[in-house]
Amino acid sequence: MDLTPRPLGLKSDDTLRLVSWNINSVRARIHHVEHLIETYQPDVICLQETKAMDDVFPSKIFQKLGYEHRALHGQKSHHGVATLSRIKHTNEAKINWCEKGDARHVQVDVGGFELHNFYVPAGGDEPDVTINEKFAHKMQFLAEMETWAGSLNKPTIMLGDLNIAPLEHDVWSHKALLKVVSHTPVEVEAMNRIFKAHDWVDAVRHFYDDDSTKLYTWWSYRARDWKAANKGRRLDHIWVSNSLKPALKDATIATNLRGVEKPSDHAPIILDLDKSKLPDA
DNA sequence: ATGGTTGGCGTCCAA
């Protein structure tokens with residue numbers, strides 16, 4: 001079975017290509033980044049779970065590959081996000097979600113929109129806020145995102161590892177996962193509230209709008225054969241303001257990068273935007 | 001079948 005939803009067409013000069021990828025350690029997988037860049041030539045790369053402080057982030061390698069503009073929000077051992085760009089970005093900022101000091105967000109202005117790169121807490125094993133502090137943290141994070149989304153007043157793209165698979169066909173088995181953190185109704189409802197708090201478009205599902213199409217971005221390391229089992233979940237997302245909808249060109253999930261040696265457990269997700277239909281930068 | 005694997009300044013934790 002071919003897991004790639006649909007290959008992207010050749011990248012043309014009028015395309016702005018965005019990638020979001022939970023890389024699970026940027027240092028362990030720097031060659032995978034090089035492979036991603038060779039294959040797709042993205043203009044902007046948003047990474048999550050970089051697991052590296054800014055002083056050990058492989059900035060020189062990205063510089064050499066043409067990503068001169070970097071917004072790093074790193075943390076030792078855990079979390080960490082980074083937005084790397086070939087085009088100039090401005091107004092770099094970080095939000096301290098849940099007042100925990102975790103490196104789970106970085107934003108920039110680029111390409112005529114605000115770009116927010118997120119790593120939402122996974123939430124632990126037990127979907128019960130009264131006994132699982134990690135799940136309580138996840139729910140609080142989502143509540144803060146709802147308020148944040150309601151306050152947006154510019155064309156915005158938000159993306160990253162949101163650690164929720166909202167739709168029935170965003171998981172391999174809706175029924176089997178109803179009580180599994182990432183697909184519980186309480187999480188999906190919280191995600192839907194964020195979706196309603198701003199005029200969002202789910203930019204990846206937009207190109208596969210037949211809701212019966214299974215789309216996954218993550219496959220557990222624990223499966224003997226991830227591809228054969230194909231018990232995936234769509235945990236990674238790109239949402240764009242409705243005002244940016246005319247610029248949407250194509251999207252895909254780069255499952256080839258889940259199949260390489262020592263892969264991340266997440267595949268990159270890729271969005272192509274029509275530069276001529278974006279607001280002036 | 002409640003297992004299984006991965007990365008990190010790590011000898012367990014979080015994912």
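1. A salt bridge is here taken to be a side-chain nitrogen of Lys or Arg within 4 Å of a carboxyl oxygen of Asp or Glu. The model is a predicted one. By this rule, the count of salt bridges is 14. In general terms, side chains of opposite charge can pair when their charged atoms come close.

2. The side chains of aspartate 202 and arginine 234 form one such salt bridge, with 2.9 Å from N to O. The two residues come from distant parts of the chain, 32 residues apart. Aspartate 202 belongs to strand 9 (residues 200-202), while arginine 234 lies in the loop between helix 6 (226-229) and strand 10 (236-241). Both aspartate 202 and arginine 234 are buried.

3. A second salt bridge joins aspartate 272 to arginine 17, and its closest N and O atoms are 2.7 Å apart. Aspartate 272 is buried, as is arginine 17.

4. Lysine 277 and aspartate 274 also meet through their side chains in a salt bridge, at 3.9 Å from N to O. Elsewhere, salt bridges with shared partners join Asp170, Asp202, Arg205 and Arg234 into one network.

5. An open sheet is formed by 6 strands in the order 3-4-2-1-12-11, and its pairing is mixed. Which strands stand at the edges of this sheet? They are strand 3 (69-73) and strand 11 (248-253); each has a single partner strand, so one side of each is left without a neighbour in the sheet. From one strand to the next, the twist averages 10 degrees.

6. Within the order given above, strand 2 (residues 44-48) and strand 4 (residues 81-85) pair in the antiparallel sense, over 5 bridges. Valine 44 stands opposite serine 85 of strand 4.

7. A parallel pairing is found between strand 7 (residues 113-119) and strand 8, over 6 bridges. In this pairing, histidine 116 stands opposite methionine 158 in strand 8. Strand 8 (residues 156-161) is mostly covered, with 6 of its 6 residues buried.

8. Another histidine, histidine 137, is found in helix 3 (residues 133-150). Histidine 137 has a relative accessible area of 10% and therefore counts as buried. The C-alpha atom of histidine 137 is separated by 9.6 Å from that of valine 120, the two residues being 17 residues apart along the chain.

9. How many residues surround DNA strand B? There are 16, and the closest are Ser25, Arg29, Tyr221, Arg222 and Lys262. The residues of the surface near DNA strand B divide into 9 charged, 5 polar and 2 nonpolar. Of the atoms of DNA strand B within 4 Å of the protein, 63% belong to sugar or phosphate, and the rest to bases.

10. Individual contacts may be inspected at three of these residues. A polar side-chain atom of arginine 29 lies 3.2 Å from a phosphate oxygen of DNA strand B. In the side chain of lysine 262, an N or O atom is 3.1 Å from a phosphate oxygen of DNA strand B. For tyrosine 221, a polar backbone atom is 3.2 Å from a sugar or linking oxygen of DNA strand B.

11. Two backbone angles deserve a check. Most residues other than glycine have a negative phi. Asparagine 91, in strand 5 (residues 90-93), has a positive phi near 55 degrees. Glutamate 99, which lies in the loop between strand 5 and strand 6 (105-110), likewise has a positive phi, of about 50 degrees. Asparagine 91 counts as exposed because its relative accessibility is 54%, and glutamate 99 counts as exposed at 74%.

Terms used: Residues are numbered from 1 along each chain as its sequence is written. Chains are lettered from A and ligands numbered from 1 in the order in which they are written. This is a predicted model: local features need pLDDT of at least 70, side-chain atom pairs count only at pLDDT 80 or more; totals for chains, interfaces and linings use all residues. Side-chain values use heavy atoms; hydrogens and water are left out. A residue is near a molecule or strand if one of its heavy atoms lies within 4 Å of it. A polar contact is a pair of N or O atoms within 3.5 Å; within protein, one must be able to donate a hydrogen and the other to accept it, and residues adjacent in sequence count only if both atoms are side-chain atoms. Ala, Val, Leu, Ile, Met, Phe, Trp, Tyr, Cys and Pro count as nonpolar, Asp, Glu, Lys and Arg as charged, and the others, Gly among them, as polar. Buried means under 20% relative accessible area, exposed over 50%, partly exposed in between (1.4 Å probe, protein chains only). Helices (H or I, at least four residues) and strands (E, at least two) are DSSP runs, numbered from the N terminus. Two strands pair if DSSP finds at least two bridges between them. Axes are lines fitted to C-alpha atoms, for helices over the stretch in contact, and angles run from 0 to 180 degrees between N-to-C directions.
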